[in-house]
Amino acid sequence: MNKDLDLDALSYEQAFEELKTVIDQLEAGDKPLEETLSLYERGQTLFRHCTTLLEQAELKVQQLNADGAVDDFED
Amino acid sequence: MHMEEQMSFFPQPARSLSVFELNSHLRGLIESDPTLQDVWVRGEVSNLSIPKSGHMYFTLKDSQASLRCVMWRNQVLRQTNLPQDGSAVEVHGSISVYEAGGQYQLYADQIRPAGEGLLFQEFIRLKNKLEAEGLFDEERKRPIPAAPRVIGVVTSPTGAAIRDILNTLRRRYPLARVVVAPAAVQGDAAPMEIVQAIQSLNEIIQPDVLLVCRGGGSIEDLWAFNDETVARAIFGSRAPVISGVGHETDFTIADFTADLRAPTPTAAAELAVPDRQELQDLLLERQAQLFRAAAEVIESQRWSLSQSHHRLQRSSPSARMASARQKTDELYRQAERAIQHRIALARTQLQGLTQQLTALNPTNVLERGYAVVTRAGSLVKRTQDVQPGDDLKIQVSDGAVHAKVTENGESNE
């Protein structure tokens, strides 16, 4: 399981994917209580991370120039 | 007019024809020629006029000849763009004779810019060729990733298409990174620039999905997307390609080659990404699922905890003591019940005895006239119990009398 420190680095899909894994693990139902609780906590954190990303995301638009350089795209 | 009647004119040279008869005959000849009834004629438009009737009259000419043309109102209304004087066009229709004017003319039903026919032939040729090569095969179409992180876009950096695409992506899926590779999308340089843009995006950016787009335009405007090199670049793209060229009704070779064809650039952007709202719904669903899964685990833990608790209680010394105490209580109550029973039984027996005793009370017998005879405190039951001269006490119901034995005789009197 990833540490909270890694959270900011997680992309939406990564976080969403991990959330799915957490749910799968919980649904297996074979984890001790303590691990269950920390899995649940992790799931909640991932959910909040995804929500924040969705709400605050701003499309990043760049331009690939003929020389192979990448600039910001002004539209 | 039928052939048989027409043929019958000529074996009688003496008979003259009216002008109308001649023109009608010519008309019949022309109208019976299938080539003349379904013909494309190219030339330059002149003397074009559309009077109030709405019919369109013009002359089609080249350097050596001219042809009168008519297009009826209902056909005029159907044309997407009408020619002007000087336009080089190709006109489709049927040749017939206008009897009143003695003119054969083209009754037009379709007009297109000159060269379009050649373009179309070229389009069909290339389409068949690439199709035969397998560039359009359904089996080779790759799935479009559900949520791309990097989206490559090949289009003009200044057209309406890029604005539509970016607006759509901002609205639906702002999580993505978009890299635009600018390319001319019309003109001679367009195919080469489009090919380069597709290739360098794949090499340098490696996007998860690639949009190849252009806004609406005439068939010539869209022609770069019918270029063989463009089709091959799309086919060779590492990233799956969504094409969005022109409008709904425009189909280009690029569309056939792409992994997914969108009717417009906006639609291409929509097909490339999920919708934010859908994602939010999905996320909320996941959260509910997370909660349910955790709640279920906790609930089952709680249940097994309470099971363990019960087992623990059953096996603890205090439990055993409690159990023993309970057993003692039960025995005690059992004993008590037995004792009570015994007492009740004894009481009943006692009552019986008392009644018996009452029945045996000698006083009662004395009442009935019997007497108790004693000699010196001993009961006299037999004659041998006394000797003549003994003092006897005779007790009767209301007291006692004293008597003396006079004779100790036989038992029967």
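Visitor: Which residues does B:Val153 touch, not counting residues up to four places away in sequence?
Guide: First, this is a predicted model, where local features need pLDDT of at least 70, side-chain atom pairs count only at pLDDT 80 or more, and totals for chains, interfaces and linings use all residues. Residues are numbered from 1 along each chain as its sequence is written, with chains lettered from A and ligands numbered from 1 in the order in which they are written. Two residues are in contact if their C-beta atoms, placed from the backbone, lie within 7 Å. By that test B:Val153 touches B:Ile162, B:Ile165, B:Val178, B:Val180, B:Ala181, B:Leu211 and B:Cys213.

Visitor: How many residues does the contact take from chain A and from chain B?
Guide: Chain A gives 31 residues and chain B gives 36. On the side of chain A that touches chain B, α2(A) supplies the largest share, 9 residues. Helices here are DSSP runs of H or I, at least four residues, and strands are runs of E, at least two, numbered from the N terminus.

Visitor: In which sense do β1(A) and strand β7 of chain B pair?
Guide: Strands of a sheet pair through backbone hydrogen bonds, either parallel or antiparallel. Pairing means that DSSP finds at least two bridges between two strands. Here β1(A) and β7 (residues 177-182) of chain B are parallel, over 4 bridges. A:Gln63 stands opposite B:Val180 in β7(B).

Visitor: What is the strand order in the open sheet of 4 strands?
Guide: In chain B the order is β12-β11-β13-β14, with antiparallel pairing. The edge strands, β12 (378-379) and β14 (399-404) of chain B, each pair on one side only.
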